[in-house]
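Hi everyone, thanks for coming. Please have a look at the structure on the screen, and I'll walk you through a few parts of it.

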Amino acid sequence: MDPEAARTARESLDLAFHMSNILDTGLDRHTLSVLIALCDMGLNPEALAAVVKELRREPPSSSSMPTTLSSIP
């Protein structure tokens with residue numbers, strides 16, 4: 001990517017992140033970047049929004065909890 005294109009992409013992400021903060025979406029810059037890239041690849045933005053909402057609604061699974069040595073029998 002040439003420097004001008006990189007600068008434009010960074011500015012666009014900065015603007016999108018600023019709008020995201022104003023709308024209080026709770027998305028971090030990296031997540032927003034991934035979602036924008038998926039939209040650029042042709043994924044439906046409304047479907048992506050539904051997935052994000054659903055993932056936020058689900059409680060964390062117990063399998064994702066870190067295992068400590070003290071919890072091993």
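I'll talk about a pair of helices, then a pocket, then one serine. Please keep in mind that this is a predicted model.

Let's start with the helices. Find H2, residues 29-40, and H3, residues 45-57. Their axes lie 10 Å apart, and the two helices pack at an angle of about 145°. The crossing of H2 and H3 is right-handed. So which residues of H2 and H3 meet? On the H2 side, look for Leu-35, Leu-38 and Cys-39; on the H3 side, they meet Pro-45, Leu-48 and Val-52. The contact is made of 6 nonpolar residues, with no polar and no charged ones.

Now the pocket. The largest one has a volume of about 280 Å³. Where does the largest share of its lining come from? That would be H3, with 6 residues. H2 and H3 each give at least two residues to the lining. Among the lining residues you'll spot Leu-35, Cys-39, Pro-45, Leu-48 and Val-52, and also Lys-53 and Arg-56. Sorted by class, the lining has 9 nonpolar residues, 1 polar and 2 charged.

Last stop: Ser-20, which sits in helix H1, residues 3-22. Is Ser-20 buried or exposed? Its relative accessibility is 5%, and buried means under 20%, so Ser-20 counts as buried. Beyond its neighbours within four places in sequence, Ser-20 is in contact with Thr-25, Leu-27 and Leu-32. Thr-25, Leu-27 and Leu-32 also belong to the lining of the largest pocket.

Technical notes: Residues are numbered from 1 along each chain as its sequence is written. This is a predicted model: local features need pLDDT of at least 70, side-chain atom pairs count only at pLDDT 80 or more; totals for chains, interfaces and linings use all residues. Side-chain values use heavy atoms; hydrogens and water are left out. Axes are lines fitted to C-alpha atoms, for helices over the stretch in contact, and angles run from 0 to 180 degrees between N-to-C directions. Helices (H or I, at least four residues) and strands (E, at least two) are DSSP runs, numbered from the N terminus. A crossing is left-handed if the near helix is turned anticlockwise from the far one by less than a right angle, and right-handed if clockwise. Contact means heavy atoms within 4.5 Å. Ala, Val, Leu, Ile, Met, Phe, Trp, Tyr, Cys and Pro count as nonpolar, Asp, Glu, Lys and Arg as charged, and the others, Gly among them, as polar. On a 1 Å grid over the protein atoms alone, a cavity is a set of points where a 1.4 Å probe fits but cannot get out, and a pocket is an open set with protein on both sides within 12 Å along at least five of seven lines; lining residues have an atom within 4 Å of a point. Grid points are joined across faces, edges and corners, and a volume is the space filled by probe spheres set on the points. Buried means under 20% relative accessible area, exposed over 50%, partly exposed in between (1.4 Å probe, protein chains only).
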